[in-house]
Amino acid sequence: MFTHHRTQAIILDDKQVGEADRIFTFYTKDFGKITATGRSIRKGKSKLKMNTQLFSFSEIEFIQGRKNNTLTDAVLLSSFRKTKNNLAKLSLFYRIAETTLSFIKEQEKDEKIFNLLLETLQEVEEKNLSKEKLKIMWCAYTFRLLYFLGYKLYTKECMICEEKIEAECYFNPEGKGVVCPKCYPKNPTGIYIDDIKKVFLTNPNRCIKITKSYINNI
Ligand SMILES: [Zn+2]
């Protein structure tokens with residue numbers, strides 16, 4: 001038996017397979033991360049092809065097979081057209097997709113993550129954002145994603161020397177924490193944050209929450 005499903009989805013990755021097929025990776029509202037094959041999708045100008053461009057937000061229909069899912073329909077809800085014409089914004093979309101796919105391995109429904117992803121993409125699309133603010137948005141997205149996935153992120157102390165972070169620091173997504181300016185040269189990867197208190201709130205359990213007002217004010 002094959003089951004038909006319909007759900008809202010954001011296309012995070014697509015790969016060509018064989019002559020005419022594509023394998024899509026979606027983050028969906030009702031199923032979390034899924035992959036589905038679009039058969040013969042590269043031939044001609046099919047509706048399916050037009051509505052399944054990378055990073056599109058679409059309502060999709062797929063058949064759940066025993067081993068693979070097959071994409072059967074897609075209705076475009078947003079193509080994020082403005083972002084696709086802006087290199088800095090587009091590269092943020094790539095980073096968001098990469099971060100999401102690297103942390104989420106299994107298929108599991110999580111509407112909080114779906115909403116976070118969709119709202120972040122919509123915000124990038126609609127707002128005028130400097131390069132610096134785009135970096136902070138990625139940082140904020142990553143922190144919130146990790147928080148929803150249950151990681152405890154410590155922002156009170158430097159990951160390396162364990163000294164208290166007063167204001168300035170660097171967010172290191174690989175280490176899932178922050179590094180002080182003194183230790184940063186030892187491993188100079190990360191995003192500069194001028195004041196940790198503007199970006200994060202610390203709750204009594206000492207794990208972090210991004211301050212909503214700060215995100216909204218970017
Ligand atoms: Zn340090």
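Colleague: How many helices and how many strands are in the chain?

Modeller: This is a predicted model, in which local features need pLDDT of at least 70, side-chain atom pairs count only at pLDDT 80 or more, and totals for chains, interfaces and linings use all residues. Residues are numbered from 1 along each chain as its sequence is written, and side-chain values use heavy atoms, with hydrogens and water left out. Helices (H or I, at least four residues) and strands (E, at least two) are DSSP runs, numbered from the N terminus. The chain has seven helices and ten strands.

Colleague: What share of the contacts with a separation of 6 or more comes from residues 24 or more positions apart?

Modeller: For background, buried residues (under 20% relative accessible area; exposed is over 50%, partly exposed in between, with a 1.4 Å probe and protein chains only) make up 45% of the 218 residues in the chain. For contacts with a separation of 6 or more, the share from residues 24 or more positions apart is 56%.

Colleague: Which strands does β1 join by eight bridges?

Modeller: Two strands pair if DSSP finds at least two bridges between them. Strand β1 spans residues 3–17 and runs antiparallel to β4, residues 57–64, with His-4 bridged to Ile-63. β1 also runs antiparallel to β2, residues 21–28, where Ile-10 stands opposite Tyr-27. The strands joined to β1 by eight bridges are β4 and β2.

Colleague: Which residue takes a positive phi near 60 degrees in the hairpin of β1 and β2?

Modeller: The hairpin has three residues between its strands. The residue with a positive phi near 60 degrees is Gly-18.

Colleague: Phe-55 and Phe-80 have positive phi although neither is a glycine; what is the relative accessible area of each?

Modeller: Phe-55, with phi of about 70 degrees, lies in the loop between α1 (47–50) and β4. Phe-80, with phi of about 50 degrees, lies in the loop between β5 (69–78) and α2. Both count as buried, Phe-55 at 3% and Phe-80 at 1%.

Colleague: Is Thr-83 buried or exposed?

Modeller: Thr-83 is found in helix α2, residues 81–84. Not counting residues up to four places away in sequence, Thr-83 touches Lys-89, Leu-90, Phe-93, Val-124 and Glu-125. Its C-alpha atom is separated by 8.9 Å from that of Leu-121, 38 residues apart along the chain. With a relative accessible area of 0%, Thr-83 is buried.

Colleague: Which strands pair with β6?

Modeller: Both faces of β6 (residues 169–172) are covered, with Cys-169 and Phe-171 buried on one side and Tyr-170 and Asn-172 on the other. Three antiparallel bridges link β6 to residues 191–193, where Tyr-170 has Tyr-192 as its partner. Three bridges also join β6 to residues 177–179, again antiparallel, with Phe-171 opposite Val-178. The partner strands are β8 and β7.

Colleague: Why is the arrangement around the zinc ion classed as it is?

Modeller: Donors are N, O and S atoms within 2.8 Å of the metal (3.2 Å for Na, K and Ca), and sites may look incomplete because water is not among the atoms. The protein donors here are the SG atoms of Cys-158, Cys-161, Cys-180 and Cys-183, lying 2.3 to 2.4 Å from the ion and spaced C-x2-C-x18-C-x2-C in sequence. Four donors count as tetrahedral if all angles lie between 85 and 135 degrees; four count as square planar and six as octahedral if opposite donors are over 155 degrees apart and all others between 65 and 115; anything else is irregular. The four donor atoms subtend angles of 104 to 114 degrees, so the arrangement is tetrahedral.

Colleague: How many disulfides does a search of the whole structure find?

Modeller: A disulfide is a covalent bond between the sulfur atoms of two cysteines. The criterion is a pair of cysteine sulfur atoms within 2.5 Å. The number found in the whole structure is zero.

Technical notes. Contact means heavy atoms within 4.5 Å.
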